[in-house]
Amino acid sequence: MASAMQHVVEQVTQRITDRSAGTRTAYLDRIRAAAAVGPARTELPCSNLAHGFAACSGPDRLAVRGATKPGIAIVSAYNDMLSAHQPYAEFPAWIKDAVREAGGVAQFAGGVPAMCDGITQGRTGMELSLFSRDVIAMATAVALSHEMFDGALLLGVCDKIVPGLLIGGLSFGHLPTVLVPAGPMPSGLPNQEKSRIRQLFAEGKASREDLLEAESASYHSPGTCTFYGTANSNQLVVEVMGLHLPGSSFVPPGTPLRKALTEEAARRVVQGDSDHTPIGEIVDERAIVNGVVALLATGGSTNHTLHLVAIAAAAGIELTWDDFSDLSAVVPSLAKVYPNGSADINHFAAVGGVQTLVGELLDAGLLHHDVKTVAGPGLDRYRQQPFLEDGQLVWRDAPAKSLDPDVLRGVDDPFAPDGGLRVLDGNLGRSVIKVSAVSDQHRAVTAPARVFDDQHDFSTAFQAGELDHDVVVVIRNQGPQANGMPELHGLTPALGVLMDRGHQVALVTDGRMSGASGKIPAAIQLTPEASAGGPLARVRDGDVIRLDADRGTLEVLVPDDELATREDAPANRGAQFGTGRELFAAFRQAVGRADRGASVFTPLQAQPADVPA
């Protein structure tokens, strides 16, 4: 019997439903009309259809020509530069064989870009990172636009890739669609040791060779990086939303179980039984809330305060930062995975992982159980984990309780009574902060500001010893309109050094931090951004800033009338060409606010009452 829903979770879900009624109805009308028409290839002119099967051979060619079997699109973010995506090289062949055995025909419909934020951290290429999400969404739409398909498999893992695939897939919300993960690399150098070497390097106490040795021992093989950043947050969140097969997120690549799960995902999208649910019907208000709850309960990436808002909008649902904040107040913190603890994602999976987490949250009424998923109706299916028995894929109940309470706990004994993300408000605007890795004594900081318009200027000041005191470091003109909202994770080691010297330290920025944001209290994604006239443009060196994560406030202690009359500092955007940045000028002009998902897409509008759908 299902547990009663926790009342705040129920209230927030209803609030989202009411707020989104017009746009969600318009979205559902659109995708249901597309579903009613059926596969468009049956009506394509002969020349068009012939192009669609020209590269097919044998039975596949006959099936596509005659439109007698389901056509399945493979859209992949494979490249062999990203360790997380390198395993996808083998997947299309597996999928084609499995789809053929299940009675369909799979075609590789298109590839989407996949950039590595680990490579571009601190480099100008990072200014393309957030925008790449929307490029990926558009590339997914291009792949599916040929009107040849009855279903889709979307292959992606990392930071912007999964949100982009999902946004693009939701434009074809009438298609049954399964997201296919690739799994994490084996555990390497412990993440805390890697962090220690990074801080030593920042202080000049470790050589470049020492640092490279540590980094390469941490990132050492195909598979996803093992810390709980945006990539692994993606996997956990979309599984709890019902878009992965149960228990598939953290199965390592190169294993028989990984191959079997990939083949089963292919079979599921072909099968036209009662479980055959279009992705636009799966991603509803309850699924979105489930994703937010899972993120909060595990201290997941702050990037999802952007991505989940944009994903929801693609399904006609309006999700706000207030929804995150209200849910965070009642969702306990149940996981300690680096940077929130010492364990990595493989340890998390070994002690029960997603399945034990889902069971705990369902039993506490914190997740909606009555949802649609790619595995069939109801989230209780996600209490089970996959195994191979005599070569056959089976699911069995996962441990009801965590096997290691230092990594994963139950609702009755959480690490903290509330979630890992909070919203800050005040006279500087609105921002988010990840507190799951910040110790209690560092959650409130009052100190003079030191203002920079570029992260490299901060590094220069740190190396010169100019910041060896209590300080709130302000890095502005890093918002989506200014330069694409790059991650500023490279600041973390130097800020950690200042904190370890006993100083009060915080960061305030209209940019982003990595999903691996750690022990520094960081008010990020501040909106309105400085380059759009936000108050951060009027902060000066020496202004006292108070950040209080427990109270949910961010303030500069300057009289409001004085702050309002100051002139904005120049929007020092620097050169915006090189590494392809000049190609994204239109994105910088069109992008929306951070609290609306920092998207270049126009939100879906409700259909006027007097206009036919």
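Start with P339, which sits in the loop between helix 16 (321-328) and helix 17. Helices here are DSSP runs of H or I with at least four residues, strands are DSSP runs of E with at least two, and both are numbered from the N terminus. The peptide bond leading from Y338 into P339 is cis, with omega near 15°.

Before moving on, a word on what you're looking at: this is a predicted model, where local features need pLDDT of at least 70, side-chain atom pairs count only at pLDDT 80 or more, and totals for chains, interfaces and linings use all residues. Residues are numbered from 1 along each chain as its sequence is written, and side-chain values use heavy atoms, with hydrogens and water left out.

**Either side of that loop**

Select S328 next; it belongs to helix 16. S328 is buried, at a relative accessible area of 3% (buried means under 20% relative accessible area, exposed over 50% and partly exposed in between, using a 1.4 Å probe and protein chains only). Which residues does S328 touch, once its neighbours within four places in sequence are set aside? Show L296, D418, G419, G420, L421 and R422 to see them; contact means heavy atoms within 4.5 Å.

Now hop to I345, in helix 17 (residues 345-350). I345 counts as buried because its relative accessibility is 1%. Skipping neighbours within four places in sequence, its contacts are P184, T226, Y228, N232, F250 and V337.

Most residues other than glycine have a negative phi, and most peptide bonds are trans. With that in mind, select P528, in the loop between strand 14 (522-527) and strand 15 (544-548). The bond from T527 to P528 is cis, with omega near 0°.

Go to D390 for a phi angle: it is positive, about 55°, though D390 is not a glycine. You'll find D390 in the loop between strand 7 (384-389) and strand 8 (392-397). Is D390 buried or exposed? With a relative accessible area of 81%, D390 is exposed.

M485 also has a positive phi, near 60°, and is a residue other than glycine. Look for M485 in the loop between helix 20 (480-483) and helix 21 (492-500). M485 is buried, with a relative accessible area of 0%.

**Helices side by side**

Two packed helices are described by the angle between their axes and the distance between the axes. Axes are lines fitted to C-alpha atoms, for helices over the stretch in contact, and angles run from 0 to 180 degrees between N-to-C directions.

Colour helix 8 (residues 161-170) and helix 15 (residues 304-314): their axes come within 8 Å and cross at roughly 10°. That makes helix 8 roughly parallel to helix 15 (angles under 35 degrees count as roughly parallel, over 145 as roughly antiparallel, 65 to 115 as roughly perpendicular and the rest as oblique). Show the side chains of P163, L166, I167 and L170 on helix 8, and H307, A310, I311 and A314 on helix 15, which make the contact. Those residues divide into seven nonpolar, one polar and no charged. Ala, Val, Leu, Ile, Met, Phe, Trp, Tyr, Cys and Pro count as nonpolar, Asp, Glu, Lys and Arg as charged, and the others, Gly among them, as polar.

Next, pick helix 9 (residues 191-202) and helix 10 (residues 208-218), which pack at about 160° with axes 10 Å apart. Helix 9 is therefore roughly antiparallel to helix 10. The contact is made by N191, K194, I197, R198 and F201 of helix 9 and R208, D210, L211, A214, E215 and S218 of helix 10. By class, that contact has four nonpolar, two polar and five charged residues.

**Last stop**

Finish on helix 5 (residues 91-101) and helix 12 (residues 256-270), which pack at an angle of about 45° with axes 8 Å apart. That angle makes helix 5 oblique to helix 12. From helix 5, select F91, W94, I95, A98 and V99; from helix 12, take R258, K259, T262, E263, A266, R267 and V270, and you have the contact. It divides into seven nonpolar, one polar and four charged residues.
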